[in-house]
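Please keep the sequence and the 3D view open as you read.

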Amino acid sequence: MTVPHKFAVLLALSAGLLAFASTDTLSAPSVATTASDQAIHERWMAEGEKRYRTNCGRCHQPPHKFPPRTMSMAVRHMRVRGMLTEDDMKYVLYYMTH
């Protein structure tokens, strides 16, 4: 494979990953602003932590907070290995980014 061809393949893969990571298929509550929003936030955090411990905690220590785009890519990658459901993925991503 020639250098320009390798570059073109790398560029196409990068563009595909960015497009994949920027799609908003994971709908979770936004930042809490009212008492009811705070209650929803707390429920999502509790459920996310529970699902993290169940699915991810077998291999990983409690997470550091990372930017949502970074965590989205990591969670999507680990979805296959950890056999996460779509709901597991939503809750874990919310927990890890808030």
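For the classes used below, Ala, Val, Leu, Ile, Met, Phe, Trp, Tyr, Cys and Pro count as nonpolar, Asp, Glu, Lys and Arg as charged, and the others, Gly among them, as polar. The model is predicted, so local features need pLDDT of at least 70 and side-chain atom pairs count only at pLDDT 80 or more, while totals for chains, interfaces and linings use all residues. Residues are numbered from 1 along each chain as its sequence is written, and side-chain values use heavy atoms, with hydrogens and water left out.

**Overall layout**

The protein chain holds 4 helices and 0 strands, in the order α-α-α-α along the sequence. Helices (H or I, at least four residues) and strands (E, at least two) are DSSP runs, numbered from the N terminus. Of the 98 residues, 27% count as buried; buried means under 20% relative accessible area, exposed over 50%, and partly exposed in between, with a 1.4 Å probe and protein chains only.

**The largest pocket**

A pocket is found on a 1 Å grid over the protein atoms alone: it is an open set of points where a 1.4 Å probe fits, with protein on both sides within 12 Å along at least five of seven lines, and lining residues have an atom within 4 Å of a point. Grid points are joined across faces, edges and corners, and the volume is the space filled by probe spheres set on the points.

The largest pocket has a volume of about 330 Å³. It is lined by 20 residues, of which Tyr52, Cys56, His60, Met78 and Met96 are the closest to its centre. By class, the lining has 13 nonpolar, 5 polar and 2 charged residues. Helix 2 (35–55), helix 3 (68–82) and helix 4 (86–97) each supply at least two lining residues, and the largest share, 6 residues, comes from helix 3.

**Helix 3 and what follows**

Just after helix 3, Met83 takes a positive phi of about 50°. Glu86 belongs to helix 4, and its C-alpha atom is separated by 9.6 Å from that of Arg76, 10 residues apart along the chain.

**Aromatic rings**

Rings of Phe, Tyr and Trp (its six-membered ring) pair if their centres lie within 6.5 Å; planes under 30 degrees apart count as stacked, over 60 as edge-to-face and the rest as tilted. The structure holds 3 aromatic pairs. One of them, Tyr52 with Tyr95, is tilted, at 5.9 Å centre to centre and 50° between the planes. Tyr52 lies in helix 2 and Tyr95 in helix 4, so this pair ties together parts that are 43 residues apart in sequence. Both Tyr52 and Tyr95 are buried. Trp44, Tyr91 and Tyr94 form one aromatic cluster.

**Cysteines and accessibility**

A disulfide is a pair of cysteine sulfur atoms within 2.5 Å, and the count here comes to 0 disulfides. For Cys56, the nearest cysteine sulfur, that of Cys59, is 8.8 Å away.

| Residue | Relative accessible area | Class |
|---|---|---|
| Cys56 | 12% | buried |
| Cys59 | 69% | exposed |
| Glu86 | 30% | partly exposed |
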